[in-house]
Amino acid sequence: MLFRSVGITWTETQLDEVCNAFASVSSCARPKISGCPKEVSNIWKSVDEGFEYLCTNPGKGIYVAHQECFARPDLYRELEACNRTFFSESQAAARAGSRQAILDGTCRAINRFVGCTSNSAETTCGEEAADFQYTLVSKLIAGTLDLIDCRLTGGATSVTVTWLTVAMVIYSAFFPNL
């Protein structure tokens with residue numbers, strides 16, 4: 001398996017395999033997605049743009065340059081803690097009552113998550129790695145953020161696999177052996 005529940009640690013060769021496989025999935029899915037509801041097509045477009053960034057330069061080059069740091073166990077533990085907090089806050093937001101309170105609480109949880117992972121990535125791997133992650137996560141979740149009318153506040157973030165896992169669940173349905 002190429003990903004864990006919180007951190008991705010692909011080698012450059014594995015990343016190339018994932019990118020090639022995702023390109024195949026994307027070319028197959030793209031014509032079908034256009035007939036889906038706007039919410040679905042927007043989320044798919046975000047995932048597609050995120051993988052495009054991850055799989056091409058400059059994104060790929062930055063990821064490869066920092067891959068060893070992204071795989072560090074101490075970063076993994078920090079990101080795992082961010083992930084647990086996010087899910088706890090998201091569940092609390094889901095019980096908030098009104099639709100607007102749920103959306104607002106979810107947006108706050110996302111922004112706290114982004115801040116938490118950003119601090120972890122920057123502290124452990126440096127500013128360039130945190131900026132890479134911010135760009136990647138922004139692309140991956142843009143469609144979701146639009147659905148709940150939420151904007152990211154703050155700067156660079158690290159992508160924990162909460163967002164990439166959504167894409168990878170889709171991907172693993174098509175390529176279960178990776």
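Accessible areas here come from the Shrake-Rupley method with a 1.4 Å probe, and for residues only the protein chains shown count as cover.

Before I go on, the ground rules. This is a predicted model: local features need pLDDT of at least 70, side-chain atom pairs count only at pLDDT 80 or more, and totals for chains, interfaces and linings use all residues. Residues are numbered from 1 along each chain as its sequence is written, and side-chain values use heavy atoms, with hydrogens and water left out.

Now the fold. The chain has seven helices and zero strands. Along the sequence the pattern reads α-α-α-α-α-α-α. Helices are DSSP runs of H or I with at least four residues, strands are runs of E with at least two, and numbering starts from the N terminus.

Next, burial. Of the 178 residues in the chain, 46% are buried. Buried means under 20% relative accessible area, exposed means over 50%, and partly exposed is in between, with a 1.4 Å probe and protein chains only.

On to contacts, meaning heavy atoms within 4.5 Å. Take the contacts with a separation of 6 or more: residues 24 or more positions apart account for 76% of them. Thr 106 has 19% relative accessibility, so it counts as buried. Leaving out residues up to four places away in sequence, Thr 106 touches Ala 93 and Ile 148.

Salt bridges now. The rule is a side-chain nitrogen of Lys or Arg within 4 Å of a carboxyl oxygen of Asp or Glu. How many salt bridges does that rule give? The count is eight.

One of them pairs Lys 60 with Asp 16, at 2.4 Å from N to O. Lys 60 sits in helix α3 (residues 59-70) and Asp 16 in helix α1 (residues 12-33), so this pair ties together parts that are 44 residues apart in sequence. Is Lys 60 buried or exposed? Lys 60 counts as buried, at 18% relative accessibility. Asp 16 is partly exposed, at 29%.

Arg 72 forms a salt bridge with Asp 74. The closest N and O atoms there are 2.6 Å apart. Arg 72 is partly exposed at 35%, and Asp 74 is partly exposed at 25%.

Then Arg 84 and Glu 80, at 3.9 Å from N to O. Both lie in helix α4 (residues 73-94), four residues apart, about one turn of the helix. Arg 84 is exposed at 53% relative accessibility, whereas Glu 80 is partly exposed at 24%. Elsewhere, salt bridges that share partners join Asp 146, Asp 149 and Arg 151 into one network.

Last item, the surface charge. Which residues form the negative surface patch? They are Glu 122, Glu 127, Glu 128 and Asp 131. Patches take residues with over 30% relative accessible area and no salt bridge; like charges are joined within 9 Å, and nonpolar side chains (Val, Leu, Ile, Met, Phe, Trp, Tyr) within 5 Å. Helix α6 (residues 127-147) gives the most to the patch, with three residues. Glu 122 lies in helix α5 (residues 99-125). Glu 122 is partly exposed, with a relative accessible area of 38%.

Note on methods: Lys and Arg count as positive and Asp and Glu as negative; His and the chain ends are not counted. The place of a charge is taken as NZ of Lys, CZ of Arg, CG of Asp or CD of Glu.
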